Amino acid sequence: MVSATLTAPSTAADRRPFAGREHISLSDLPPLTTTVPRQYVHRTAISEVFLTDWRRAGTDAWVVSAQWPRAHSFYSPVDGLHDPMLLVETMRQASILLSHVAHGVPLDHPIIWQDLHYSLVPEALRVAGTPAEIELHITDHDLVYRGKRLASARQSYRVLRDGTELAAAELTFSCHSPAVYRRLRGEYSDLKRANDRKLEPAEPVAPPLVARDRTGDVVLSPTARANRWQLRVNTAHPVLFDHPVDHAPGMLMVEAARQAAHAAAGPGFSLPAELDCSFHRYGELDAPCWVEVTTTGRDARDRILLDIDIHQNGRSVFTARTASQSIR
């Protein structure tokens, strides 16, 4: 792939067709709401792009707009609430978008998560009669450059839904050139080889146990021990594996934590109102990952606290803590 440094495309706000012009192009028309180019958010399917616009809001500050559908093939509502994983995916897309359009990171540079946190208002997830209009007010912190290229950043988020508070969040990520990524990944950087060695997906748990409707969306497989599962890595999943990758993606890890927390919390629907997670190393496709949950008590709001550890070959790949709130 040829690398390219992107800049924000020019607006068509003051470009209008003039009298007598026989042909006009889209760039001549008034600006309309659309999604950002899928390449800006590292998506193959246009249907999986949630971002609609971005603008500068000050020094190292940005406003990114998004729209959440009332229904989605994977991030579907439960008990009338939008899936909180939509928030995580929207943050993922926003961080990648800004790395390209605001900081000049070439399109072929992988963006890798280190830490992610959110705290949300459950009632703000209520599904309404129209798609949810989301605004992410983002401030960049701790920018580190390698030469003139962004190497890592921490972003703080204030997230509004139709003008009301939805969440506060934070995300830390790094950017790597293809050459650096190949050195980091070693033999696993060979995409074909990594996928040729992948394990077959393990059998799923029953979908209701993890607040899912369809077997294909379950990412946990049962084991003989309580609160312990094998990570179910289905590379044919059209959303979690929107395109071929050489490792288990971050959104799969976060989804596994959400499903494991729901299963461990017991009967009824529980929402991960807060999530803190860290990505320690890559989850490889050629060895099983194990998902374990430990209950650590309840917080002052009577939310159950759960620690999740996903490990592979005896080492932690991903850790998380959720504060899960029962929804009645």
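This is a predicted model: local features need pLDDT of at least 70, side-chain atom pairs count only at pLDDT 80 or more; totals for chains, interfaces and linings use all residues.
Asp79 has a phi of about 50°, although Asp79 is not a glycine. This residue lies in the loop that connects strand 2 (61–68) with helix 1 (85–101). With a relative accessibility of 48%, Asp79 is classed as partly exposed, because values between 20% and 50% define that category. A positive phi of about 50° is likewise found at Asp162, again a residue other than glycine. Asp162 is placed in the loop between strand 5 (149–161) and strand 6 (164–175). The relative accessible area of Asp162 is 46%, so this residue too is partly exposed.

Helix 2 spans residues 178–185, and its buried residues are Val180, Tyr181 and Arg185. These residues cover an arc of only 125° around the axis and therefore lie on the same side of helix 2. In general, an α-helix has 3.6 residues a turn, so residues three or four places apart point the same way. The cover over the buried residues of helix 2 includes strand 3 (111–120). Beyond the helix, the chain continues with Gly186, which follows helix 2 and has a positive phi near 60°.

Conventions: Residues are numbered from 1 along each chain as its sequence is written. Side-chain values use heavy atoms; hydrogens and water are left out. Helices (H or I, at least four residues) and strands (E, at least two) are DSSP runs, numbered from the N terminus. Buried means under 20% relative accessible area, exposed over 50%, partly exposed in between (1.4 Å probe, protein chains only). The arc is that of the directions from the helix axis to the C-beta atoms. Contact means heavy atoms within 4.5 Å.
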